[in-house]
Amino acid sequence: MNLIDLLTGNTGNQVAEQAENKFGISKNQIIALLAVATPLVISYLRNKSQDANEAEALNNALDKDHDGSILDDTSQLDNRQDEGGSILSHIFGNQKNNVENQLSQNTGISIDKIGPILAMLAPVIMGYIGKEKQQNNVGAGGLGDLLGGILGGAQTQAQEQQSSPLNDILGSVLGGGQSQSSGNPLNDILGSVLGGGGQQNQQSGGLGGLLGGLFGGK
């Protein structure tokens, strides 16, 4: 399953419905948040995995706790929210508050709910990575390439899907055309994450500004 299938398929919809029921946030806002947060988390993990110790720790965590079963059984979400909060604290470190503030501003999800919702999503993202790791038989040394490949493959697919329901959702939730450099919001997100978003990063608003700002200090 590629990244866009995760976001638009049964798992993404089930996660969004559960979060909508629990937090009273619209399903479209949850899907938009998942579409921004997933590549962001994967990109941070890719950067961390360049360090051998971090790669080994991530590899062990994926083997121990993230076999991908959560993708087929989203009833695990409630029980794993505390775990999700710990995952995010490790991934984002001292940038966690900044990430949450920026995501709150861009998705319209209130700051008091953005953290708990992200904590609910984090085990899903890790489960997806864990499943990809298993299917590709990757060890600690190959995690950086695996994560980069997930992001690159998603960008290629996004470029081919100029018009899609996910882009429509992103455009409506994230402010749409006037602040985007193209009519393809998902491609803009992935381009920024992958470092190819220079044009978007110059902008003060929209996702280019969000992701460019977050990665500017890394």
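The following questions and answers go through a predicted model of one protein chain.

Reader: What should I know about the numbering and the model before I start?
Author: Residues are numbered from 1 along each chain as its sequence is written, and side-chain values use heavy atoms, with hydrogens and water left out. In this predicted model local features need pLDDT of at least 70 and side-chain atom pairs count only at pLDDT 80 or more, while totals for chains, interfaces and linings use all residues.

Reader: How many helices and how many strands does the protein chain have?
Author: Helices (H or I, at least four residues) and strands (E, at least two) are DSSP runs, numbered from the N terminus. Read along the sequence, the pattern is α-α-α-α-α-α-α-α-α-α-α-α, and the count is 12 helices and 0 strands.

Reader: What share of the 218 residues in the protein chain is buried?
Author: A residue is called buried under 20% relative accessible area, exposed over 50%, and partly exposed in between, with a 1.4 Å probe and protein chains only. Among the 218 residues of the protein chain, the buried share is 55%.

Reader: What span does helix α6 reach from its first C-alpha to its last?
Author: The expected span of a helix is 1.5 Å times one less than its number of residues. Helix α6 covers residues 96-107, which is 12 residues, and its span is close to the expected value, reaching 16 Å.

Reader: Which residue takes a positive phi just after α6?
Author: Within α6, the buried residues include Val99, Leu103 and Thr107. Just after α6, a positive phi of about 80° is taken by glycine 108.

Reader: Which residue forms a salt bridge with lysine 22?
Author: Side chains of opposite charge can pair when their charged atoms come close. A salt bridge here is a side-chain nitrogen of Lys or Arg within 4 Å of a carboxyl oxygen of Asp or Glu, and by this rule the count comes to 7. For lysine 22 the closest N and O atoms are 2.9 Å apart, and its partner is aspartate 78.

Reader: Is arginine 80, which forms a salt bridge with glutamate 83, buried or exposed?
Author: The closest N and O atoms of this pair are 2.8 Å apart. Glutamate 83 counts as partly exposed because its relative accessibility is 27%, whereas arginine 80, with a relative accessible area of 12%, is buried.

Reader: How are the rings of tyrosine 44 and phenylalanine 92 arranged?
Author: Rings of Phe, Tyr and Trp (its six-membered ring) pair if their centres lie within 6.5 Å, with planes under 30 degrees apart counted as stacked, over 60 as edge-to-face and the rest as tilted. By this rule there is 1 aromatic pair. Because the centres are 4.8 Å apart and the planes stand at 85°, the pair is edge-to-face.

Reader: Which helices hold tyrosine 44 and phenylalanine 92?
Author: Both tyrosine 44 and phenylalanine 92 are buried. The pair links distant parts of the chain, 48 residues apart, with tyrosine 44 in helix α3 and phenylalanine 92 in helix α5.
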